[in-house]
Amino acid sequence: MSTHIDAKQGDIAEVVLLPGDPLRAKFIAENFLANVTQYNTVRNMFGYTGTYQGVRVSVQGSGMGIPSLSIYATELIQDFGVKKIIRVGTAGGLLPELEIGDVLLAEGASTDSNVLQATFGQAISFAPLASFELLCQAHQSAKQLDIPVRVGNIFAADRFYNDEIDNHKLAQYGVMAVEMESAGLFLIGAKYHVQTLSILTVSDNLVTQKYADAKMRETAFQDMMRLALATAVVV
Ligand SMILES: O=P(O)(O)O[C@H]1O[C@H](CO)[C@@H](O)[C@H]1O
Ligand SMILES: O=c1cc[nH]c(=O)[nH]1
């Protein structure tokens, strides 16, 4: 076991889906996986392992924000030998044409988090990128499943509520949406040479002010879940 994950060696698959919401982890395990066992309840940050199309897959809640995700991603890699992590998250659209339910593949994650400076110092602006292999696979799987996706930059904000970020300028520079974890995930992937990707569903649009309710965020975004699982099981 690790500090925050009460699993034994071998309980967790080499590929893990990582939603922020532990109830989304439960929903994915109960609705998509076969032969499911629950390996973690510590802090109610649920973790499950099962099979999808015959391949072992785990799904683990990460909590909200880079600090919480970093704990789970690091322990999954260092203590349980995880090789691929796919975040399945929600995001706020910054482009007016994005509708609730649209699926995004994060190619890179800009951020206002201090985690990059804490790692590299002031002189370097590290660019946190998704794994090219996982990104290509997800793009290909999306075509096979007939799930439309947009690929590009997203913004991983340190705060859900803030008045300082210029969303309009981010959108002008092509940043599709805002969420709170991907830059930390991609940084950890780079550090430990582990493949990482974020597949996101637009849960609200900051321009049009449309939004999904909490139940929808927990259960409704099944295109993202099917796409992440299809990507995960390709070895
Ligand atoms: O739906 P999840 O995966 O939690 O992701 C988004 O939702 C949370 C904010 O409501 C943040 O964690 C943000 O990144
Ligand atoms: O971090 C997030 C997630 C969803 N929607 C937002 O506006 N922000």
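How far does a polar side-chain atom of Arg-87 lie from an oxygen atom of ligand 1? The distance is 2.8 Å, a polar contact being a pair of N or O atoms within 3.5 Å. This is a predicted model, in which local features need pLDDT of at least 70 and side-chain atom pairs count only at pLDDT 80 or more, while totals for chains, interfaces and linings use all residues. Residues are numbered from 1 along each chain as its sequence is written, chains are lettered from A and ligands numbered from 1 in the order in which they are written, and side-chain values use heavy atoms, with hydrogens and water left out.

Taken alone, ligand 1 exposes 340 Å², of which the protein buries 87% (Shrake-Rupley method, 1.4 Å probe). Its shell (residues with a heavy atom within 4 Å) divides into 3 nonpolar, 3 polar and 5 charged residues, with Gly counted as polar. Strand β5, residues 84-93, gives the most to that shell, with 3 residues (strands are DSSP runs of E, at least two residues).

I turn now to ligand 2. A polar side-chain atom of Asp-204 lies 2.7 Å from a nitrogen atom of this ligand, and a polar backbone atom of Gly-92 is 3.2 Å from a nitrogen atom of ligand 2. Alone, ligand 2 exposes 240 Å², and the protein buries 87% of that. Strand β5 gives the most to this shell too, with 3 residues.

Methods. Polar contact = N/O pair within 3.5 Å; in protein donor to acceptor, adjacent residues only side chain to side chain. Helix = DSSP H or I, 4+ residues; strand = E, 2+ residues; numbered from the N terminus.
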